[in-house]
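Here is a briefing on the structure shown below.

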Amino acid sequence: MQEKNNIPEFNRETLDLVDQIIKRYPAGRQKSALLPVLHIAQSENSGWLSPEMMDYVASLLDIQPIEVYEVASFYSMYNLKPVGNCVIEVCHTGPCWLNGAEKIIAHFEARLGIKPGETTADGKFTLKTVECLAACGNAPVIQVGQEYHENLTAEKVDNLLEQWKRENKVSHTNPYL
Amino acid sequence: MATKILLNNIEVPGLADFQVYRKLGGYTAVEKALKTLTPDDVTEEVKKSGLKGRGGAGFPTGMKWSFIDKKSEKAKYLVCNYDESEPGTFKDRHIGQLNPHQLIEGMIVGSYALGATTAYIYIRGELFYVLRIIEKAIAEAYQNGFLGENILGSGYSLNLYCHPGAGAYICGEETALLESLEGKRGNPRIKPPFPAIVGLYGSPTVVNNVETIATLPWIVNNGGESYAAIGVGNSKGTKLISACGHINKPGIYEIELGLPVEEFIFSDEYCGGIRNGNKLKAVVAGGSSVPILPADLILKTAAGEPRLMSYESLAEGGFQTGTMLGSGGFIVMDHTACIVKNLLTFARFYRHESCGQCSPCREGTSWMEKILMRIEGGQGTMKDIDLLVDIAKHVEGNTICPLGDAAAWPVASAIRHFREEFEEHVKLQKCPF
C-alpha cells in the first residue's frame, strides 16, 4: 500500500483484484464486494481497519463511509484498533473447552506475558479468544491468519511461538494472494 | 458396507483436482442433467429422494425449491450456505477442503433445476484457505466447460463465485446470510416474505447447505428413489456426523440414517467408545443448539426403545426426553465434564453471536451468561436456577430468527436433565469438578 498525506491507496495489482471481485456481483450491486474488500484492506493496513482505510474502501465501492463503519463494527474478523504482527486466535467454545482450551490460553498468557485482547510491548503478538472455528474434532484449535493449528498441546504452542519469533510472523497477509 | 455418498472417495489423493475427480465419475451428473433432464425433472428427483436440508433445520430440499417463483422475470439465485459455525459442527469444512468439485457439481445441477444463471458460495471468513481451494476448483470447472457460457452446448450458462463472510455465526441464518452477501450487517430479515420469493437483491433465491448440495450429483446419477431407499422412516439417505468431545476417535463419519446411537458411540467403526475407558455422561447430538441428553436418554428413548441416528428417533419424546438431529454436530461428554461449565461456554457463544436486533435475545443471552458465570464461580443461589429457566422461556419463540431458540434450548435442557448438578454448585459455592 502507498500512502500520501495519510490517504491510503492500493497498488495496481490490488486495485485489479478489487475490480475483479466487484464484477462478481450484478451491476449496481458493488456494495456486495464490501466484505471481501475489507478483508483485503485490513491485510494492507497492518491487520486493522483505520477510519481512513474505511473511507478509502467506501470511495472504491462508491458507497457512504457509514455503510462501511456499520459493517466493519459488526463482524468479529475486522479489527478496529491496531493489532500485533501476529494475531493468535484461540477457540474457547464448548468442544475446545472440553479438550483443554483453557490450559492453552493460560500457556499463551504465560509465554507472552499478556491477556486475551492485549498485544505484547514489542508489537509482535496479539492474543485473542474466539468462538467456534468449526474444527471441533481436532480440539483445541487456534487460528493465525489463514492457518489453522489443531490438536494443540503446550509443547506444540512452544514450538509454534519459537518458529513465529524466528521468522517474524505476520498473520495479516492478503487472503486472495 | 454402508453407502457412502459424500465420503466415498475422500481418501483418494488429489481428489480436489479436476482430472482426478473426473476420472472417478465426476461431472457425469451435470452431463446427465443438462443433456437428458429438464430442470423440473431434476427437482422431481430431489423431491422423490426425500433429502432434507443438512444444515440443521431439516426442511425438505425439493419442497424448498418448489417455492421458487419460476415465472418471475427476475434473476433466480442459488446460494450455498458454507457459514459452518455451530459449535460441534465441522463436516462442511471437510467437503470443500478435500472434495470441492462435488460441491461445484451440486451447485451446477441445483442452479440448473432452479433456473439460476448466477450462484454464490457464501463461506465463513475464517475458512479463507478453503475458499481458495474452492476457487481453484471453480477455475478448473470453467476451463473444462462445466461453468460459464453454454455449458456442454446445452444452452445453459452459469457463473459461480465464492463470497467470504467475516466472523458472524448469525450469517448461517439464511436471511442474515443474504444481507451479508449484499454487503450489510448480518441482521436476519423478518419472514415472510421467504427468500424463495424475495431473496438476494429482491430476487427468488434458494439457500442450501454444503452437504445438501454435495449430495445432489448422486441423486441425479442414481435417481431419487435409490436415495430414498437408504435410511429409515422419513430420514432418507446418509448424513455426515462430526463427532467430538470425550471419544476415542473424533472425526467426520458418514452414516446411513437409522444407525443405532449406541453403535455410533461405541463401535470401532465410528467413535470407538469413551476416552480412557470413562463413563458416558451426556451427548449434545446435533450441534450446540439442540437439547443435551443424559447417557440413558441418548442411548434409549423414555419408552425404552433403542435411540437411532434419525430425525424422528432423536426427536422421540419431544424436548422433555428427546432432542434433534440438527446439523450432525455430535458432542460427547464423559463423567469428568461439568455440565454447568460447558453450558456457560455455549451461553457465552450465543451472547457473542446475537446480532442485537431483538431485545429478548440481545438481553436474554447476556443475562443467561452472567447468571451461569455466577453459578459456576460459586456465587449462585437456588433462585438463579429458576431464573435461568424463566429467561430461557421468555427468549424462546420471541425473536425474528432462531438464534433466540438456539440459545434457550441448551439452558432449559441442561437444567431439565442435570438440575442436581446446578444445585451442587450452589450448595458447595464452587464447581465440584
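Domain bounds here come from an automatic or database domain assignment. On that basis, chain A holds domain 1 (2-72) and domain 2 (86-166). The model is a predicted one.

**Domains**

- In chain A, the centres of domain 1 and domain 2 lie 29 Å apart, taken over C-alpha atoms.
- Chain B is divided into domain 1 (18-229), domain 2 (232-334) and domain 3 (339-428).
- The centres of domain 1 and domain 3 of chain B are separated by 35 Å, again over C-alpha atoms.
- Contact between domain 1 and domain 3 of chain B involves nine residues from domain 1 and nine residues from domain 3.
- On the domain 1 side of that contact in chain B, six residues are nonpolar, two are polar and one is charged.

**Overall form of chain B**

- Chain B contains 18 helices and 13 strands.
- The radius of gyration of chain B is 22 Å, close to the 22 Å given by the globule rule for 433 residues, so chain B is as compact as a globular protein of that length.
- The C-alpha trace of chain B spans about 75 × 45 × 35 Å along its principal axes.
- Of the 433 residues in chain B, 56% are buried.
- Among contacts in chain B with a separation of 6 or more, 72% join residues 24 or more positions apart.

**Where chain A meets chain B**

- Chain B contributes 45 residues to the contact, and chain A contributes 35 residues.
- Several elements of chain B each supply at least two residues to the side that touches chain A, including the helices α7 (128-143), α8 (174-181) and α15.
- Strands also take part on the chain B side, among them β3 (159-164), β7 (238-245), β8 (251-256) and β13 (329-334).
- α15(B) gives the largest share of the chain B side, with six residues.
- By class, the chain B side has 20 nonpolar, 18 polar and seven charged residues.

- Helix α15 of chain B covers residues 339-353, 15 residues in total.
- From first C-alpha to last, α15(B) reaches 21 Å, close to the 21 Å expected at 1.5 Å a residue.
- α15(B) is mostly covered, with 13 of its 15 residues buried.
- Helix α7 of chain A (residues 154-166) has 13 residues and reaches 18 Å, close to the 18 Å expected at 1.5 Å a residue.
- After α7(A) comes A:Asn168, with a positive phi near 45 degrees.

**The nonpolar core**

- In soluble globular proteins, nonpolar side chains tend to be buried together.
- The largest nonpolar core in this model has 183 residues.
- A:Val37 and B:Val79 have the most contacts inside this core.
- Helix α18 of chain B (residues 403-428) provides the largest share of the core, ten residues.
- Neighbours within four places in sequence aside, A:Val37 is in contact with A:Val18, A:Ile21, A:Val57, A:Leu60 and A:Leu61.

**An exposed residue: B:Asp40**

- B:Asp40 lies in helix α3 of chain B, which covers residues 39-49.
- B:Asp40 counts as exposed because it has 12 C-beta neighbours inside 10 Å, and the cut-off for exposed is 12 or fewer.
- B:Asp40 and B:Leu114 are 74 residues apart along the chain, and their C-alpha atoms are separated by 8.3 Å.

Key. Residues are numbered from 1 along each chain as its sequence is written. Chains are lettered from A and ligands numbered from 1 in the order in which they are written. This is a predicted model: local features need pLDDT of at least 70, side-chain atom pairs count only at pLDDT 80 or more; totals for chains, interfaces and linings use all residues. Helices (H or I, at least four residues) and strands (E, at least two) are DSSP runs, numbered from the N terminus. The expected span of a helix is 1.5 Å times one less than its number of residues. A residue is buried if 20 or more other C-beta atoms lie within 10 Å of its own, exposed if 12 or fewer, and partly exposed in between; C-beta atoms are placed from the backbone. Two residues are in contact if their C-beta atoms, placed from the backbone, lie within 7 Å. Ala, Val, Leu, Ile, Met, Phe, Trp, Tyr, Cys and Pro count as nonpolar, Asp, Glu, Lys and Arg as charged, and the others, Gly among them, as polar. The radius of gyration is taken over C-alpha atoms; the globule rule is 2.2 Å times the number of residues to the power 0.38. A nonpolar core is a set of buried Ala, Val, Leu, Ile, Met, Phe, Trp, Tyr and Cys residues joined through C-beta atoms within 7 Å.
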